[in-house]
Amino acid sequence: ELQLHRHAKDGLHQYRNITQQQAPQSLEIVIKHLIEAAENKTNQAAASSKKYKAILEIADLDNEQTPESIMLSTMTEEGDAERTEREILVPWLKFSWETYRSVLDILKTNSKLEKIYHETSVKAFDFCKRFERKTELRRLCDTLRQHLANLQRAAQQAPGTQSSKFRGWEGWTQEGVELHLTTRFAQLEAASKLELWTEAFRTVEDIHAVMKISTKPPKPKLLAKYF
């Protein structure tokens, strides 16, 4: 209700530390509740606006108030719709965006909640498409790419020598590889939808890298969707 995303992130980290090994299902319930609450609030705020004009003028949700935007605001007059968006919708957009990022950060090495990680990724892609958030999509793709690279490096280490930050990861499985492929397909669709062609090309490279992880080919249904 107070849009305190830093407090929500800290709370998730503390709860993850308590439940990760013994009660991952409890962590899953909390994460789903937080995402649902954030999305509901965002949808309620978005219901009052259909053009998203003020949102499109904000290039980066992480840096809403730039010197250029402040100067521009003093030279132009906002209508009631734009003012409503900026005061009501934008804060909830930022909260939803931070919620997605926090969940992905918490679950990036949690094999027991791997499905929730990928479901959250797809939700974040849908968020970027709906509100035309190109900067956030690039940042999201970079984040997922870094997570994948870290897992690949961890898989190459000898058993028992992995860093403690990978203690919740149980290695690659065929299901895990296919989840990563499904997520990258959604990433490719989002990048194409927003006409981020460089990001789309990099995503194709990511897909190729994921396919090389397993010696067993993906399911024909997945390959058909890709091609």
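What follows is a short chat about reading helix packing, cysteines and aromatic rings in a predicted model.

Colleague: At what angle do helix α2 and helix α6 pack?

Modeller: Axes are lines fitted to C-alpha atoms over the stretch in contact, with angles from 0 to 180 degrees between N-to-C directions. Here α2 (residues 24-46) and α6 (residues 114-130) sit at about 10°, axes 12 Å apart. Under 35 degrees counts as roughly parallel, so α2 and α6 are roughly parallel to each other.

Colleague: Which residues in α2 and α6 meet?

Modeller: Contact means heavy atoms within 4.5 Å. From α2, Glu28, Ile31, Lys32, Ile35, Glu39, Asn43 and Ala46 meet Ile116, Glu119, Thr120, Lys123 and Arg130 of α6.

Colleague: How many disulfides does the count come to?

Modeller: A disulfide is a covalent bond between the sulfur atoms of two cysteines. The cut-off is a sulfur pair within 2.5 Å, and the count here is 0. Cys141's sulfur is 7.9 Å from the closest cysteine sulfur, in Cys128, too far for a bond.

Colleague: How are the rings of Trp97 and Phe127 arranged?

Modeller: Rings pair if their centres lie within 6.5 Å, and planes under 30 degrees apart count as stacked. Trp97 and Phe127 are stacked, at 6.5 Å centre to centre and 10° between the planes. Ring pairs also link Trp97, Tyr100, Phe127 and Phe131 into a cluster.

How values were computed: Residues are numbered from 1 along each chain as its sequence is written. This is a predicted model: local features need pLDDT of at least 70, side-chain atom pairs count only at pLDDT 80 or more; totals for chains, interfaces and linings use all residues. Side-chain values use heavy atoms; hydrogens and water are left out. Helices (H or I, at least four residues) and strands (E, at least two) are DSSP runs, numbered from the N terminus. Angles under 35 degrees count as roughly parallel, over 145 as roughly antiparallel, 65 to 115 as roughly perpendicular and the rest as oblique. Rings of Phe, Tyr and Trp (its six-membered ring) pair if their centres lie within 6.5 Å; planes under 30 degrees apart count as stacked, over 60 as edge-to-face and the rest as tilted.
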